[in-house]
Amino acid sequence: MKHHRGRHVDIESVEELDGHLAAGAGSLRGWRLRSLDLTSRTAALRETELAGATFLGCKFAPGDGDYAEDEGALVMPVIPEAPVDVYRSRLYTAEELYDDPVYARSLDARAYAWLQQPLGADDELAITLHDHAIDAALEAWVRARRDESERIVGVMGGHALRRGEEAYAAAARLSQHLASHHVVATGGGPGAMEAANLGAFLAGAPKTVLEDALETLATVPSFRPSVREWAQVALGVREGFEGRPGRSLGIPTWHYGHEPPNVFAGAIAKYFRNATREAVLLEVCDGGIVFLPGAGGTVQEVFQDACENYYADTSAVAPMVLVGRSYWTEQLPVWPLLQALARGRAMEGHVHLVDTAEEVLDVIRPEIRAEIRPASAPG
């Protein structure tokens, strides 16, 4: 697979490298070679200009790595203990993270278990490199959507919401409507996040398809006690219904590894560091964020988003929609503080408290239309 970012070319297979060299490329300047086994390519490396090339986690025959560095290439090391490819160029899929039917053996579980061990300097480097690679992959994914003039709307909410509960179904139905107009992004975990990714995955499908999916998922209400059963029934739903992966993005973290990623996010940007993940999650939601009832994590996201909007000028403010009047005014009285914070600021007219999915759509769609309306348009 090859990506062009500026003047760089990413090479991700030895066959692709051989093809480029056979086509007469005498230099690897500006090329990034990712995780290639080059132990049998000594002659090719010695016959090619290597200055300005980048070798990310490649294996070399003895002496070839030092030769490449002496010739002016950047050689980043293989980190054998890391369970993930720290130089990956793509976001994750559910199939990659759940690559073994026994969850404890899956990539997702192995990465979380590795993170719980005492980490050395190489491990910290691996985490930094991996999260940087996910950053770059997510940036490319988001750019592709924006090139199509699509906005990304976030749906945040608690992980404890169970399949089969009416609030779970309501979140899925709301997200299905949102995804008919926008891309939906969530924190990528269970509960309200899964419901939102489910609804977005089934954007454009008949309502009966979503209702059938909700009924099937309700047979395994929670990832406790068995992540395996919880994930397997969801993967079965994915196989049984045609979905639209491009409408649904998940941004989870192994910091909360006890909360497994849901399988309905068509693209999964999974980070090790939660602080990075939280900032990125809010940043990509240029179409605004819908906050469903949640606890500590959701409240953190409300005020992290509010801080961004507080200091933003009018053109950069994105709508904030809190769903559940009694929840956000009585159970967790976030709304009064948010109102006080917004008073007199550019964000004041962009914070909303609603009760129904219809009210969410009434707020989000007009705000986005107003943001993209040409300056010369009437009204």
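**Figure 1. Leu138 and its partners in a nonpolar core.** Leaving aside neighbours within four places in sequence, Leu138 is in contact with Leu91, Leu249, Ile251, Ala269, Tyr271, Val280 and Val284. As you explore this view, keep in mind that the model is predicted. Leu138 is listed with Leu198 and Val290 as the residues that have the most contacts inside the largest nonpolar core, a set of 104 residues.

**Figure 2. A lysine tucked into a loop.** Lys270 is found in the loop between β11 (267–268) and α11 (274–284). Is Lys270 buried or exposed? Its relative accessible area is 1%, so Lys270 is buried. The side chain of Lys270 is joined to that of Asp108 by a polar contact of 2.6 Å. Not counting residues up to four places away in sequence, Lys270 touches Tyr92, Leu97, Asp108, His130, Ile134, Pro252, Thr253, Trp254 and Pro261.

**Figure 3. The sheet of parallel strands.** Here you can follow 7 strands forming an open sheet, with the order β11-β10-β9-β8-β12-β13-β14 and parallel pairing. Which strands are at the edges? They are β11 and β14, and each of them pairs on one side only. If sheets are new to you, remember that strands of a sheet pair through backbone hydrogen bonds, either parallel or antiparallel.

Figure 4. Strands β8 and β9 pair in the parallel sense, with 3 bridges between them. One place to look is Ile152, whose bridge partner in β9 is Val183. Together with α7, these two strands make a right-handed β-α-β unit. Strand β9 (residues 183–186) is covered on both faces: Val183 and Ala185 are buried on one side, and Val184 and Thr186 are buried on the other. Thr186 stands opposite Gly250 in β10.

Figure 5. Strand β8 (residues 152–156) pairs with β12 in the parallel sense over 3 bridges. Which residue of β12 stands opposite Val155? It is Val290, a residue you have already met among those with the most contacts inside the largest nonpolar core. Strand β12 (residues 289–291) is joined to β13 by 3 bridges, and the two run parallel. Ile289 stands opposite Met320 in β13. With helix α12 (residues 296–310), β12 and β13 make a right-handed β-α-β unit. Strand β13 (residues 320–323) has both faces covered, with Met320 and Leu322 buried on one side and Val321 and Val323 buried on the other. Strand β13 then pairs with β14 in the parallel sense over 4 bridges. In this pairing, the bridge partner of Val321 in β14 is His352.

**Figure 6. Salt bridges between charged side chains.** Side chains of opposite charge can pair when their charged atoms come close. How many salt bridges does the count come to? The answer is 23. One of them brings together the side chains of Arg105 and Asp100 (3.2 Å, N to O). Asp100 has a relative accessible area of 19%, and since buried means under 20%, Asp100 counts as buried. Several charged residues can also be linked together: Asp10, Glu12, Arg32, Arg34 and Arg90 are in a network of salt bridges.

Figure 7. The side chains of Glu211 and Arg173 meet in a salt bridge (3.0 Å, N to O). Glu211 lies in helix α9 (residues 207–217) and Arg173 in helix α7 (residues 166–179), 38 residues apart. Glu211, at 32% relative accessibility, is partly exposed, and Arg173, at 29%, is partly exposed as well. In another salt bridge, the side chains of Asp355 and Arg325 meet (3.3 Å, N to O). Asp355 sits in the loop between β14 (351–354) and α15 (357–372), while Arg325 belongs to helix α13 (residues 325–331), 30 residues apart. Asp355 is partly exposed, with a relative accessible area of 43%, and Arg325 is partly exposed at 36% relative accessibility.

Note on methods
Residues are numbered from 1 along each chain as its sequence is written. This is a predicted model: local features need pLDDT of at least 70, side-chain atom pairs count only at pLDDT 80 or more; totals for chains, interfaces and linings use all residues. Side-chain values use heavy atoms; hydrogens and water are left out. A nonpolar core is a set of buried Ala, Val, Leu, Ile, Met, Phe, Trp, Tyr and Cys residues joined through side-chain atoms within 4.5 Å. Buried means under 20% relative accessible area, exposed over 50%, partly exposed in between (1.4 Å probe, protein chains only). Contact means heavy atoms within 4.5 Å. A polar contact is a pair of N or O atoms within 3.5 Å; within protein, one must be able to donate a hydrogen and the other to accept it, and residues adjacent in sequence count only if both atoms are side-chain atoms. A salt bridge is a side-chain nitrogen of Lys or Arg within 4 Å of a carboxyl oxygen of Asp or Glu. Two strands pair if DSSP finds at least two bridges between them. A crossover is right-handed if, with the strands pointing away from the viewer, the path from the first strand over the helix to the second runs clockwise.
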